[in-house]
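Hi everyone, thanks for coming. Please have a look at the sequence and the model on the screen, and then I'll walk you through a few parts of it.

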Amino acid sequence: MTVAGSDCTAAFKAAYSNRYTWEPGFGGYQGRCVWEQGDQRAEASFQVGADLKAQVGGIDDEEIKKAVASQLWEVAIHRVRRSFEQTHGENTFTAGDTDAVGTEVIVGGKNSGDRYRIKGDVVTMVHRHIHGTVVTIFTESTTDTGSGYLSHTYTSQYADPTSGELKGGKSRFTDTFVPLTPSGPWVLGGRVVETEAHGEVPAGRQEFHFEDLAPLA
């Protein structure tokens, strides 16, 4: 077990490097998305380009179109391979306590105030400051691609960094990934997002099914 107060850069780097990312030269892909919310249902065509931008067609509702595009884009940007030095070269990492979630990693340096937890070679908790908001993500289960892991079930909560006041309800994600071809890359095949009620906003559930997936020619 990592001793609290010790430098845990090597352990955090191992977990960071174990995340699944696409090989350089990712060429993009296309397919069909089925969106469902309650008794509502919509179908759309989409493509994610080599530039990772998602284009959604065949659907008139702008909110649904935006929802589909945002899931695809969010997953794609997390597949970009950046070296540990590129992302964290100006940070330091100190071990905190260890609990059921994993060992706390306290960040110093450029991203001081951020925290993570790691268990084995998996980042099980992320607590990051992004554009004036704090997001806290707990990864509960993962998918092993053979070339790194992808989060399968996880929760996400936004909050005010100063007051700690919650911004919106907690969201629970269940992501299913599939290899685009027998050799990859792995892409999103389905996502279920369940959001808890918060203030005036009721609880909600959205399902996204990505089908007929094929690489862009």
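Let me begin with one word we'll need: a residue is called buried when its relative accessible area is under 20%, exposed when that value is over 50%, and partly exposed in between. Take Phe210: its relative accessibility is 4%, so Phe210 counts as buried. Please keep in mind that this is a predicted model.

Now, the sheet. There are 12 strands in an open sheet, and their order is E3-E2-E1-E12-E11-E10-E9-E8-E7-E6-E5-E4, with antiparallel pairing. Which strands stand at the edges? They are E3, residues 54-57, and E4, residues 91-98; each has a single partner strand, so one side of each has no neighbour in the sheet. On average, neighbouring strands here are turned by 20 degrees against each other, ignoring direction. For those new to this, strands of a sheet pair through backbone hydrogen bonds, either parallel or antiparallel.

Let's zoom in on one pair. Strand E8, residues 133-144, and strand E9, residues 149-159, pair in the antiparallel sense over 10 bridges. One you can look for on the screen is Ser141, whose bridge partner in E9 is Thr153.

Next, the helices. Helix H2, residues 62-77, lies across several strands, including E1, E2, E3 and E12, and runs at about 65 degrees to E12. Gln71 lies in this helix. Is Gln71 buried or exposed? It is buried, with a relative accessible area of 10%. The side chain of Gln71 makes a polar contact of 3.3 Å with the side chain of Ser70. Leaving out neighbours within four places in sequence, Gln71 is in contact with Arg191, Val193, Phe208 and Phe210.

Helix H1 covers residues 9-17, and Phe12, Ala15 and Tyr16 are buried in it. Looking down the axis of H1, you'd find its buried residues within an arc of 100 degrees, so they line one face of the helix. Those buried residues pack against helix H3 and strands E4, E5, E6, E7 and E9.

That brings us to the rings. The count comes to 10 aromatic pairs. In one of them, Phe46 and Phe210 have ring centres 5.5 Å apart and planes at 85 degrees, so this pair is edge-to-face. Phe46 sits in strand E2 and Phe210 in strand E12, so the pair ties together parts that are 164 residues apart in sequence. Phe46 counts as buried too, at 4% relative accessibility.

Tyr154 and Phe173 have ring centres 4.9 Å apart and planes at 5 degrees, so they are stacked. Tyr154 belongs to strand E9 and Phe173 to strand E10, so this pair links parts 19 residues apart in sequence. Tyr154 and Phe173 are both buried.

One last stop: a loop. Asp160 is in the loop between E9 and E10. At 26% relative accessibility, Asp160 is partly exposed. A polar atom of the Asp160 side chain lies 2.8 Å from the backbone nitrogen of Ser163. Asp160 also touches Glu165 and Lys167, not counting residues up to four places away in sequence. And where is Val134 relative to Asp160? The two are 26 residues apart in sequence, and 6.1 Å apart in space from C-alpha to C-alpha.

Definitions and conventions: Residues are numbered from 1 along each chain as its sequence is written. This is a predicted model: local features need pLDDT of at least 70, side-chain atom pairs count only at pLDDT 80 or more; totals for chains, interfaces and linings use all residues. Side-chain values use heavy atoms; hydrogens and water are left out. Two strands pair if DSSP finds at least two bridges between them. Helices (H or I, at least four residues) and strands (E, at least two) are DSSP runs, numbered from the N terminus. Axes are lines fitted to C-alpha atoms, for helices over the stretch in contact, and angles run from 0 to 180 degrees between N-to-C directions. Contact means heavy atoms within 4.5 Å. Buried means under 20% relative accessible area, exposed over 50%, partly exposed in between (1.4 Å probe, protein chains only). The arc is that of the directions from the helix axis to the C-beta atoms. A polar contact is a pair of N or O atoms within 3.5 Å; within protein, one must be able to donate a hydrogen and the other to accept it, and residues adjacent in sequence count only if both atoms are side-chain atoms. Rings of Phe, Tyr and Trp (its six-membered ring) pair if their centres lie within 6.5 Å; planes under 30 degrees apart count as stacked, over 60 as edge-to-face and the rest as tilted.
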